[in-house]
Amino acid sequence: MYKNIMAILAIICFLESSNSYAENFKNSSYEICFTPGENCTELITKNIAKAKKSLLIQAYSFTSAPIAKSILDAKKRGVEVMIILDKSQFSQKYSSAKFLVNQEIQTWKDDKVAIAHNKVMIIDNLTVITGSFNFTKAAQQKNAENVIIIDDANLAKKYTENWFNRQKVSTKMN
């Protein structure tokens, strides 16, 4: 009988936690994109174009000219743009790191870990863009990748906290 009571209590606890978990995401929405076949670069740039206040970025590989241009356009609109790049981006021939630094976009080099493999954008403390999709031409044209764009303030807060934790241990480049 004791085992039955414990099993019932475990089920009740699970259901309660599931309900609160679902409650956390009831006001969220998402959009997904896959390559090959869909234009994930365009989806990302359209979301960057919606930015009004802030754009936080973490990138492992970043060579996409359209994404770099949309980031620069956001900065020109008065959006606060800050980016953390993997250390490899500062030694690669075709990286956007030099372009971003030259455009006076606040840029940090995450060089305290083996690989800073994040692919994240946080827009206006509400929208999170993430997935396997590196911000590169190859991710759009040659690879099988995924992007998920989630509008959820609670999720964005967690990603923002992580962004600032990585910034604290990264090297400022400009």
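Helix α3 is followed by Gly78, a residue whose phi is positive, near 100°. The model is predicted, and local features were accordingly taken only at pLDDT of at least 70 and side-chain atom pairs only at pLDDT 80 or more, whereas totals for chains, interfaces and linings use all residues. Residues are numbered from 1 along each chain as its sequence is written, and side-chain values use heavy atoms, with hydrogens and water left out.

The secondary structure comes to six helices and eight strands, both being DSSP runs numbered from the N terminus (helices H or I, at least four residues; strands E, at least two). Along the sequence these elements follow the pattern α-β-α-β-α-β-α-β-β-β-α-β-α-β. Of the 174 residues in the protein, 41% are buried, where buried means under 20% relative accessible area, exposed over 50% and partly exposed in between (1.4 Å probe, protein chains only). Among contacts with a separation of 6 or more, 74% are made by residues 24 or more positions apart, a contact being heavy atoms within 4.5 Å.

The eight strands form an open sheet of mixed pairing, in the order β1-β7-β6-β5-β2-β3-β4-β8, two strands being paired if DSSP finds at least two bridges between them. Strands β1 (29-35) and β8 (171-172) stand at the edges with a single partner strand each, so that one side of each is left without a neighbour in the sheet. Parallel pairing over six bridges joins β2 to β3, and here Leu56 stands opposite Met82 in β3. Strands β1 and β7, by contrast, pair in the antiparallel sense over seven bridges, with Ser29 opposite Asp151 in β7. Strands β6 and β7 also run antiparallel, joined by five bridges, and Val128 stands opposite Ile150 in β7.

Helix α3 (residues 65-76) has 12 residues and reaches 16 Å from its first C-alpha to its last, close to the 16 Å expected at 1.5 Å a residue, that expected span being 1.5 Å times one less than the number of residues. Ser64 caps the N-terminal end of α3, with a side-chain oxygen 3.3 Å from the backbone nitrogen of Ile67. Ile67, Ala68, Ser70, Ile71, Leu72 and Ala74 are the buried residues of α3, and what covers them includes α2 (40-49), β2 (54-59), β3 (80-86), α4 (97-102) and β5 (119-123).

Helix α2 is largely enclosed by the rest of the structure, because seven of its 10 residues are buried, namely Cys40, Thr41, Leu43, Ile44, Thr45, Asn47 and Ile48. At its N-terminal end, α2 is capped by Asn39, a side-chain oxygen of which lies 3.4 Å from the backbone nitrogen of Thr41. Helix α2 lies across β1, β2, β5, β6 (127-131) and β7 (145-151), running at about 145° to β1; axes are lines fitted to C-alpha atoms, for helices over the stretch in contact, and angles run from 0 to 180 degrees between N-to-C directions.

Thr127 is found in strand β6 and is buried, with a relative accessible area of 8%. Not counting residues up to four places away in sequence, Thr127 touches Asn47, Met121, Ile122, Ile149, Ile150, Asp151 and Ala156. The side chains of Thr127 and Asp151 are joined by a polar contact of 2.4 Å (a pair of N or O atoms within 3.5 Å; within protein, one must be able to donate a hydrogen and the other to accept it, and residues adjacent in sequence count only if both atoms are side-chain atoms).
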